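Please keep the sequence and the structure in view while reading.

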Amino acid sequence: MSSSASIELEQFKGNVDSFQLPWVEKYRPRVLDDIVGNEAAIARLKVIANTGNMPNLLLSGAPGIGKTTSIVCLGNTMLGDKAKEAILELNASDDRGIDVVRNRIKAFSKMKLTLPPGQTKIVVLDEADSMTSSAQQALRRIMEMYSNITRFALACNQPNKLIEPIQSRCVILRFNRLSNEQVLKRLLEICKLENVTIF
């Protein structure tokens with residue numbers, strides 16, 4: 001290796017070492033106790049985590065208010081170090097066709113994993129209301145077939161766009177926007193952790 005290439009490699013390593021996650025990722029909640037707001041919905045999720053008996057869930061509310069993050073936190077709380085392999089997270093607006101349901105979701109749903117007693121795998125579908133009708137019908141069948149080893153958490157903005165057979169198989173949790181006070185309090189906590197002075 002030439003000396004100039006060696007210098008470039010050392011500079012690259014230095015850049016990687018000094019790379020910092022954006023705060024939105026660094027401070028994203030990892031477990032249910034980290035979540036701010038939506039106290040009633042989070043209380044229900046904590047009961048589910050404590051009992052270990054997760055039903056299929058339908059989380060409704062505006063975009064960006066913590067629906068998907070809350071489900072991932074529930075999965076982390078319930079599954080611990082198995083969470084990475086036992087949770088499939090998809091954005092249904094990107095992967096909304098029937099082929100994705102028949103291939104990726106079905107393959108994951110029927111896959112056998114060694115999990116803590118009573119626990120199941122979790123499929124998280126963000127923006128589930130954007131799925132095509134045929135994909136929803138296929139999803140309904142998969143929900144029925146693999147209900148003993150896989151649970152589904154569907155996050156959506158407009159739950160009425162989901163077919164009734166899917167809605168009827170889910171416990172519905174409604175999420176609301178955080179208040180300005182809740183947002184400000186959390187931002188001030190992060191600023192303190194990052195040693196940022198507020199004037």
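The second largest pocket is lined by P63, G64, I65, G66, K67, T68, T69, D126, E127, A155, C156 and N157. The model is a predicted one, in which local features need pLDDT of at least 70 and side-chain atom pairs count only at pLDDT 80 or more, while totals for chains, interfaces and linings use all residues. Residues are numbered from 1 along each chain as its sequence is written, and side-chain values use heavy atoms, with hydrogens and water left out.

**Pockets**

A pocket is an open set of points on a 1 Å grid over the protein atoms alone, where a 1.4 Å probe fits, with protein on both sides within 12 Å along at least five of seven lines; its lining residues have an atom within 4 Å of a point. A volume is the space filled by probe spheres set on the points, which are joined across faces, edges and corners.

The second largest pocket holds about 170 Å³ of space. Helix α4 and strand β4 (150–156) each supply at least two residues of its lining, and α4 has the largest share, with three residues. Helices (H or I, at least four residues) and strands (E, at least two) are DSSP runs, numbered from the N terminus.

The largest pocket has a volume of about 700 Å³. Its lining consists of 25 residues, of which Y27, P29, G64, L178 and R186 are the closest to the centre. At least two lining residues come from each of α2 (23–26), α4 (67–79) and α9 (180–193). Helix α9 gives the most, with five residues.

The two linings can be set side by side by class.

**A nonpolar patch**

On the surface, W23, L184, L188, V196 and I198 form a nonpolar patch with about 460 Å² of accessible area together. A patch of this kind joins nonpolar side chains (Val, Leu, Ile, Met, Phe, Trp, Tyr) within 5 Å, from residues with over 30% relative accessible area and no salt bridge. Accessible areas come from the Shrake-Rupley method with a 1.4 Å probe, and for residues only the protein chains shown count as cover. W23 belongs to helix α2. Its relative accessible area is 38%, so W23 is partly exposed (buried means under 20%, exposed over 50%, and partly exposed in between).

**Salt bridges**

There are seven salt bridges in the structure, each a side-chain nitrogen of Lys or Arg within 4 Å of a carboxyl oxygen of Asp or Glu.

One of them joins E194 and K26, with the closest N and O atoms 2.7 Å apart. E194 lies in the segment after α9 and K26 in helix α2, so this pair ties together parts 168 residues apart in sequence. E194 is buried at 19% relative accessible area, whereas K26 is partly exposed at 41%.

Another salt bridge joins D33 and K46 (2.8 Å, N to O). D33 sits in the loop between α2 and α3 (39–51), and K46 in helix α3, 13 residues apart. D33 is exposed, at 62%, and K46 is partly exposed, at 33%.

E144 and R169 also form a salt bridge, with their closest N and O atoms 2.4 Å apart. Salt bridges that share partners join R140, E144 and R169 into one network.

Definitions and conventions
Patches are made of residues with over 30% relative accessible area and no salt bridge: like charges are joined within 9 Å, nonpolar side chains (Val, Leu, Ile, Met, Phe, Trp, Tyr) within 5 Å. Buried means under 20% relative accessible area, exposed over 50%, partly exposed in between (1.4 Å probe, protein chains only).
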